[in-house]
Amino acid sequence: MIKTHILGFPRIGENRELKFALESHWRGESSEEELRATAHELRLKHWQAQIDSGLDFITVGDFAFYDQMAGHIQLLGCEPARFEFKPEQSKLQRYFTMVRGKSTENHSCTHVHETWALEMTKWFDTNYHYMVPEFTAATAFKAHTASLLEQIEQAKALNHPIKVSLIGPLTFLFQGKSKQAGFDQFDLLEQLLPVYGQILTELKAHGIEWLQLDEPILGLDLPANYLAAFERSYLQLKTSGVKILLATYFSTTQGHTSAVCKLPVDGLHIDCVRAEEDLPLVLDWLPNYKVLSLGVIDGRNIWKTDLQEALKQIVKTFDAGKGEVWLAPSCSLLHVPYRFSNDSTVNPLVKPWLAGAIEKLEELELLKQAAKTQLQGKTLTGALAALWNEHQTTVKQRAQSPLLNNPEVKARLSALAPTADQRGSEFAIRQKQQRERFQLPAYPTTTIGSFPQTKNIRNLRARLKKSEIDETTYWQHISQEIRQAIEFQERIGLDVLVHGEAERNDMVEYFGEQLEGFTFSANGWVQSYGSRCVKPPILFGDVARPKAMTVDVATFAQSLSEKPVKGMLTGPVTILQWSFVRNDQARATTAMQIALAIRDEVADLETAGIGMIQIDEPAYREGLPLRKARWDEYLNWASKAFRISASPVRDDTQIHTHMCYSEFNDILPAIAAMDADVITIETSRSDMELLRGFGEFHYPNEIGPGVYDIHSPRVPGQDEIVRLIRKAAQVIPPENLWVNPDCGLKTRGWEETEAALAVMVKATEQLRRELQGKGQIEKTAA
């Protein structure tokens, strides 16, 4: 028997309907009821698309207004006590407070109560960000299933089999964070399991036969206590009577595959794209009476599947004696766009190679029909045979296309000198020359790069694309935006300025549009977090830089100020990670090609007189393989790619980089090996916790720990920033400390941006006065 299903579906909508509904609600322009109505309509549309494609189940429970993990915090009744929620607050109001933070004044207006949002970090090695659950010994759990059951009842109206999808209990705990010294959230497992059991019992009472429980931590090097807990946990859950499909994805389970196959569950989903090596082991160890779900369609990339190769895996599975096999994407389709078939912007020669969520549903149905036919000893005929042949012809055409190859790029990479990734001198020498050149005060202040993308800026870009204005008019307006950004920064007293990136649609897309080997979609949006959506470039061929990309803008901005203005670039690893990348050559090779293109831009910026150049690598850790045995290989080529891009400059040119919303402490040697003169990192949501490792490691170069969270609309208090800088100075030498926000300010409004940065500067000035009062020398004399 063969069935098809998916692990999850993109929730933002084909035209980002959820994004716009959320932002309208947050602005106070629409009610909670209107927001819920939009969500209901989207779910119905997405379920109907699953039915229309021929799936045997529709998936319920994968929808979230902001993030699924945040939804599980409410589902499991463990909202952190620090939010001090009141009974009269609606569930959705509490939800948005957890994920966005809030500032409220008391009636006397003499005290402001600050509610920091939950910490946010990457979901495994994806570019999706999740909200991190917080745990203490006082954490309690209680099932709150009303919202989930409401969605189930809505789905029942479609008269189609339903599979519910939830995050498994061990992954929920493991991906959270203890907020109490000496407390391990694992100790909460015995309290959590009965609540999961209650939820499963309620699902059974509502007619649910199958429940998908996602446990992607099984693809990690798990601590022994977590690994040992799986069997007893799922024995306890099995008593509910709901059939459990345990889902793993993103990584191999090798090392504990046998134990996974023996777990007391009714089915197992494995990722046959990123962990193809697991299939032979699972075929040996998974009992034949259990359902085996094969993730044979890539849920994280947009290339059409070689269905013939996938079919071989299916046939092999049945040859091993499996009785019931389900076919699915490797993971949730949350990570790919809604569809490509009606896209008018993609290079027409590349477009036939692409598959969004809708096309992947179609691939599943075609694969199911082909597998059924072959297992019956027959061959496809008629319309199905025509579809199959057309699909496979397209896959072969891509593999043989000359669009993929640029001989000049390959030759340059082959001829690269062994020292191409090395600066001229060690950091201590460079630091001295840079301090002499720039004469910065103690705790120099800067921002990460981007300023608010206003409605006016977005309209300008849209009008240019529609040819309603010409390039000259467009750049006149953009130049004025840059001028205003420089004037604002000088007015409040920032030390190192940025041009604000008004001309950039996205930090990766902007560069991809100017590099060979890329194409772009009109509507290929994917969710990064909350209402934040990105439209990843499609990297289909060898990468080259035909001409300078940022030099004119950087030199114009620098001409407006005597203070240094950073040249702003995106690094090779981030461009790689945040694009849909070709899968026909090694990622390391593609990264080196991008590095050479960025290297040329760095050299041109320096020649044009730009003394500080920031090469952002926020996705550096995101690319890390989930199994530690594979880390060294990745870190070696990733840090080398950065150094290649950053190394063609003089010692007195200062190279900056930025990383955000990831844990860095376990890869600090590799970060140090990047050898950036200044690194800025996100630390405010963790209350500088992420910085502790840099201090213990004795990180040798300069650091700018983020002093306020840019993903929240709240404006920080001066005392708050002073406290964070002081905390940072306890672990990092003060002479090596910079002061900056957590990340870029593109998504914020100007009013809150101006207020927050002004507070940041005032806090820094206070600390400088304290240094002077203690008789400590300023950084310029160090």
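Buried means under 20% relative accessible area, exposed means over 50%, and partly exposed lies in between (1.4 Å probe, protein chains only). By that scale Asp506, at 11% relative accessibility, counts as buried. This is a predicted model: local features need pLDDT of at least 70, side-chain atom pairs count only at pLDDT 80 or more, and totals for chains, interfaces and linings use all residues. Residues are numbered from 1 along each chain as its sequence is written, and side-chain values use heavy atoms, without hydrogens and water.

**Salt bridges**

- The structure holds 46 salt bridges, each a side-chain nitrogen of Lys or Arg within 4 Å of a carboxyl oxygen of Asp or Glu.
- Glu209 pairs with Lys243 in one of them, with the closest N and O atoms 3.1 Å apart.
- Glu209 sits in the loop between helix H7 (189–205) and strand E10 (210–214), and Lys243 in strand E11 (residues 243–247), 34 residues apart. Helices (H or I, at least four residues) and strands (E, at least two) are DSSP runs, numbered from the N terminus.
- Glu209 is partly exposed at 42% relative accessible area; Lys243 is partly exposed at 33%.
- Arg532 and Asp506 form a salt bridge at 3.9 Å, N to O.
- Arg532 is in strand E17 (residues 532–534) and Asp506 in the loop between helix H17 (471–492) and helix H18 (509–512), so the pair ties together parts 26 residues apart in sequence.
- Arg532 is partly exposed, at 21% relative accessibility.

**Helix H25**

- Helix H25 (residues 718–729) has twelve residues and should span 16 Å at 1.5 Å a residue; its end C-alpha atoms are 17 Å apart, which agrees. The expected span is 1.5 Å times one less than the number of residues.
- Its buried residues are Glu720, Ile721, Val722, Leu724, Ile725 and Ala728.
- These pack against strand E24 (702–705) and helix H26 (750–773), where contact means heavy atoms within 4.5 Å.
- Glu720 also meets Arg714 in a salt bridge (2.8 Å, N to O). Both Arg714 and Glu720 are buried.

**Asp298**

- Asp298 lies in the loop between strand E13 (291–297) and helix H11 (307–319).
- Asp298 is buried yet has no salt bridge; the nearest side chain of opposite charge, Lys360, is 5.8 Å away. Lys and Arg count as positive, Asp and Glu as negative; His and the chain ends are not counted.
- A polar atom of the Asp298 side chain lies 2.9 Å from the backbone nitrogen of Arg300.

Definitions and conventions:
Polar contact = N/O pair within 3.5 Å; in protein donor to acceptor, adjacent residues only side chain to side chain.
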